[in-house]
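Please open the structure in a viewer and keep the selection tool at hand.

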Amino acid sequence: MQNGPVIQLEEVHKVYHMGEVEIPALQGVSLSVQPGEMIAIMGASGSGKSTLMNLLGCLDHPTAGRYLLEGRDVASLSSVERAHIRNRKIGFVFQQFNLLARTSALENVELPTLYAALPAEERHQRAQAVLRLVGLEERAHHQPSQLSGGQQQRVAIARALINNPSILLADEPTGNLDSRTSVEIMNLLERLNHERKLLVVLVTHEPNIAAYARRILFMRDGLILHDYPVRDRHQALEAVHQIMTEAAEVEVAEARE
Amino acid sequence: MDLGMVIRIALRALARNKMRSTLTMLGIVIGVSAVIAMVAVGQGAENQVQEQIKSFGTNTVFVSSGSPSRRRGGVRHGFGSVKTLKIADMEAIEREVPLITQCAPGANSSGQVIFRNQNWFTRLMGTTENYFIVRNWPLLAGSLFGDEAVRSAQNVAVLGTTVADILFPDEDPIGQTIRIKEQPFQVIGVLAPKGQTSWGNDQDDRIFMPYTTLQKKISGQDWVNFLSCTAVSREASLAAQTQIEAVLRERHRIGPGAEDDFQVRTQFEFAELAEQTSQVMTMLLGSIASISLLVGGIGIMNIMLVSVTERTREIGVRMAVGATEMDIRRQFLVEAVTLALLGGTLGIMLGAGASGLISGFLGWPVLISTRAVVVAVLFSATIGIFFGYYPAHKAARLDPIEALRYE
Ligand SMILES: Nc1ncnc2c1ncn2[C@@H]1O[C@H](COP(=O)(O)OP(=O)(O)O)[C@@H](O)[C@H]1O
Ligand SMILES: [Mg+2]
């Protein structure tokens, strides 16, 4: 891998159109991410977190500004090249798991390898391996409806990992899980970040979840308001609390006006 | 991505929703089986007609008495009611028309037949041995009447199997004496079964005897109803027809412009007319069935379109994990084509089964034509591509983010 930032955003804007109305979801986001970081994005609902994640995941393109992924301008890529990046370089984990119904865990996990056109044997081996990694080798032939929320999310993580991406994007991965299961998922992501040097970007509302990260971003109205590097979980929690107190102050102040 | 992978993805997607896949296929199954069965019935009918034409004997030229329009001087004459066709005419044809190898006369009558306490009303036909050659009609048992029996008008009879079965339910008929119109006849032969004509006439419900016997002892007529002649070849039969017409016009002194009192027909014309008729029927049945195939195709499109909406989320997930627009388009297209082809295959099997049933019902063999099968398969593949393209295109054009947000 080349040196320098994996992800570089320069003054990125995103405007959605709803009929006549223009909705500015991102209003000039700049960001530089090094390999192997673990980042938590926080912020109120509607602040643009998901929009930012979709841009990072090459599911969408900016209205203005530049997005360099490993030094390449994503805007210059064809839709096939972007699909290729989503397939190989980036793994996505969603709040709603988004597994295919009536499909075994194994086949769900295999899905990205189908689009990578891997031979059957390798597909199978890899699927077994990532299922083992997330601790679900025994549930390989269960369908999503036969799995708990935490297990479903682990299947989704296994699916995101199967093509050995260097980036894992998780948009509120624990949003639908209870706190005990959330901790399991976060331990898993932390381990992947440590052991595989996997770059993890996750969106969360929970201070305890954000505390797993070593860099905390706070968004407001389509802008990154704070960007704090933290040494450990303790410092992370402090940063989050400071941000949240400040946010509450601002809201109170705004309410007064 | 290679096609094998696309097919695997499509098959998995189809297997995941068996109910929907089955319903989608149903239209095609019904359409294709209708095409196969209808065409099979039509072709069976064509074949049946040809078989029957063959059973009349090959290269036959048929001379019947009465004018072609069956009208003379404003009076309508029924078949055979004109009494001008004589045995001398037959001899003249055999003598003067070299394209004709032999002729057999036919004089019709009917009457009561009795053997002991069995009695039966049946048709009687006076003819010669040649008749059975011309008509390609073998014996089951006994012998035919020879020239000597004809010359001396012997009371000998050859029975069709229906008559034989009725009069002799459990006895050998050969050598027995039966009474036809109160006169004793010796049974000398029984014919092989010939079956029904296409208009339901039992050809085996008849008794044959020398025409001389019939003329002198049964009906008292000196004319015959028809002559059945054999031409040297099928092609020659048309030329023979013209020559026979010339011979008979001269013998019956029919001037130029006057109407014939006889009619000469070749098997050639019969065959062509019958074949044309049954071909038209096949085409008609086939095209009606094709409409149902088309409706089946529209059904596929309908369900595929619904399916695209229903599976919006799935499409979003696929795109998020690396499917290109082309992958999605091809998946949906392959799904549609697979359904159409699978439906086509099931339809062929169902159609073959239905043809078998219809065959049993109609009592004639129906023919499953390779052409109909090939056309049905090509047609269903085309339907799959044609009606699958739009839904596939729609699926591929979905925005991944919109698709993922879809509830
Ligand atoms: N597809 C879309 N069409 C229109 N508006 C959108 C769309 N997606 C997001 N938005 C709007 O953009 C803003 C940012 O949304 P989002 O990035 O989803 O926020 P978050 O994930 O932080 O809650 C919101 O005002 C939202 O309503
Ligand atoms: Mg969001």
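A residue counts as buried under 20% relative accessible area, as exposed over 50%, and as partly exposed in between. The model shown is predicted.

Begin with B:L23, which lies in helix α2 (residues 18-55) of chain B. Its relative accessibility is 46%, so B:L23 counts as partly exposed.

Next, select helix α3 of chain A, residues 105-115. Here 10 of the 11 residues are buried, so the helix is largely enclosed by the rest of the structure. Among the buried residues are A:L106, A:V109, A:L111 and A:Y115. To view the surroundings, display α2 (79-88), α4 (120-133) and α5 (149-161) of chain A, against which the buried residues of α3(A) pack. Chain B also contributes to this packing, through α1 (3-16), α10 (312-320) and α11 (325-362). After α3(A) comes A:A117, with a positive phi near 50 degrees.

Then turn to the open sheet of chain A, whose six strands run in the order β6-β7-β8-β3-β9-β10 with mixed pairing. At the edges stand β6 (90-93) and β10 (223-229) of chain A; each has a single partner strand, so one side of each is left without a neighbour in the sheet. From one strand to the next, the twist averages 15 degrees.

Within the sheet, select β3 (residues 38-43) and β9 (residues 215-220) of chain A, which pair in the parallel sense over five bridges. A:G43 stands opposite A:M219 in β9(A). Finally, select helix α8 (residues 233-256) of chain A, which packs on the sheet and touches β3, β9 and β10 of chain A. The direction of α8(A) makes about 10 degrees with that of β9(A).

Technical notes
Residues numbered from 1 in each chain as written. Chains lettered and ligands numbered in written order. Predicted model: local features only at pLDDT ≥ 70, side-chain atom pairs only at ≥ 80, totals over all residues. Heavy atoms only, no water. Buried < 20%, exposed > 50% of the residue type's maximum accessible area, 1.4 Å probe, protein only. Helix = DSSP H or I, 4+ residues; strand = E, 2+ residues; numbered from the N terminus. Contact = heavy atoms within 4.5 Å. Pairing = 2+ DSSP bridges. Axes fitted to C-alpha atoms, helices over the stretch in contact; angles between N-to-C directions.
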